[in-house]
Amino acid sequence: MSDSVSTPEVPQPFPGGEHHPGESVRHTRAKGEPRFPDGPKADPAGSHFERRIRSFQPRRSRVTAGQADALQRLWAKWGLDIDGHFVDLAELFGDDRPVVLEIGFGMGEATAQMAAADPDTGILAVDVHTPGQGNLLNLADRTGLTNVRVANGDAIILLREMLPPDSLDGLRVYFPDPWPKKRHHKRRLIQPEFLDLAATRLRPGATVHCATDWEPYAEQMLEVLTAHPRFENTRADGGFAPRPEFRPLTRFEGQGLDKGHVVNDLLFRRVQDPVQPGVR
C-alpha cells in the first residue's frame, strides 16, 4: 500500500512553471499531512463528537489554485474553525458592528455581493465546502471586503457553544439541503429544536431569513416558524415574502427558475421575550 495519496492541495508549479487560473490543483502529500497547513481544519470539532443527526454532509471536492491560495493566505486572518471555543464577535470583526450569521453559502458569490452592499454589517458565513470557503475568501480579498468572516464546521456547535446570548442581528439560511425523501426529513435544518437554539443567540428584533426552491420544505419552514413563540412573520398575511432586494438572485436560483421551480422567501422577526411576573 502506498504511503501517500494524491489529493487536492496548495498550489504547486505546473510543468514549465505556469498554471492556469481556475484550474484544479492536485498535489501529492504525505499520509497524515494536513490538506491546508495554514487553512481550515479537516475536523475542527473532533473532540465534540456526538450522536446527533446532522443536516449537512462535508464535501471535499477539487480546489482550484486561486481557492487554495486564498485558504493558505487568508484563513488565519478571516477564517474561523468551529471547535467549541468561545468567540468574541467584536474581536473577530475588529469593531462592534452588527453581525448576521449565514449558514450554508455555497460558492459565496451572493454572500460577497450582500457584504459589498452593506459594509457596516458583518457576515459570519458558515459552510463545510472547502472550495466554497476558498472562493469566498478569494472574492473578499479581490473586492476589498473587510466585513466577511468564514467559519468552517457545524453551525449547531457554533451557536450552542461559541456565541453569547443576544449576539446576532440576523440569521440567513438560503437554499439548504431539502432532504426530499421522507425518511430524511429529520435531517432538515429548520426544525423547532434548531429555532429554540437560534432564538437564544438572536437579539430581539433580529431577522430570520430563509429561502428555498423546494416547496414542501418551504411549507414546513413556514409551519415551524409560525408556531414558534419567539418569532413572528413580518408579512401581515402570515405567508411567504417576495425576494427582498438585498438577497441577490444566485446562479443556482436562476437555473431553478428556468426549470419552473418556485422560490419562496420567509422573513421572520425575533420577538421580545415576555416579562416574567416579579422579574424586572
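The paragraphs below walk through a predicted model, from its confidence to its sheet, helices, cores and a few single residues.

The mean pLDDT of the chain is 85, and 80% of its residues reach 70 or more. Over residues 1-27, by contrast, pLDDT stays under 50, and for that stretch the model has 53 contacts beyond four places in sequence. Where pLDDT is low, the predicted coordinates should not be read in detail.

Strand 4 runs parallel to strand 5 and is joined to it by five bridges, and L101 has L124 of strand 5 as its bridge partner. Strand 6 also runs parallel to strand 5, again with five bridges between the two, and here L124 has R149 of strand 6 as its bridge partner. How much of strand 5 is buried? Six of its six residues are, so strand 5 is largely enclosed by the rest of the structure. The cover extends to both faces, with G122, L124 and V126 buried on one side and I123, A125 and D127 buried on the other.

Helix 4, residues 130-143, comprises 14 residues and reaches 20 Å from its first C-alpha to its last, close to the 20 Å expected at 1.5 Å a residue. Because 11 of these 14 residues are buried, helix 4 is largely enclosed by the rest of the structure. Just after helix 4, G144 takes a positive phi of about 75°. Turning to helix 3, its buried residues are A110, T111, A112, M114 and A115, and what covers them includes strand 4 (99-103), strand 5, helix 4, strand 6 and strand 7 (168-174).

The C-alpha atoms of E193 and V224 are separated by 9.9 Å, although the two residues are 31 residues apart along the chain.

The nonpolar interior comes next. In soluble globular proteins, nonpolar side chains tend to be buried together. Here the largest nonpolar core has 41 residues, and those that touch the most other members are L89, L101, L124, L158, L171, I190 and F194. Helix 5, residues 155-162, gives the most to this core, with six residues. A second, separate core of 25 residues includes F105, L136, L145 and Y174. Leaving aside residues up to four places away in sequence, L89 touches D95, V99, L124, L163, S167 and L168.

Most residues other than glycine have a negative phi, and most peptide bonds are trans. D166, in the loop between helix 5 and strand 7, has a phi near 55°, a positive value in a residue other than glycine. F175, in the loop between strand 7 and helix 6, likewise has a positive phi of about 55° although it is not a glycine. Are these two residues buried or exposed? D166 is partly exposed, with a relative accessible area of 36%, whereas F175 is buried, because its relative accessible area of 18% falls under the 20% cut-off.

How values were computed: Residues numbered from 1 in each chain as written. Heavy atoms only, no water. Helix = DSSP H or I, 4+ residues; strand = E, 2+ residues; numbered from the N terminus. Expected span 1.5 Å × (residues − 1). Buried < 20%, exposed > 50% of the residue type's maximum accessible area, 1.4 Å probe, protein only. Contact = heavy atoms within 4.5 Å. Pairing = 2+ DSSP bridges. Core = buried A, V, L, I, M, F, W, Y, C linked by side-chain atoms within 4.5 Å. pLDDT = per-residue confidence, 0-100.
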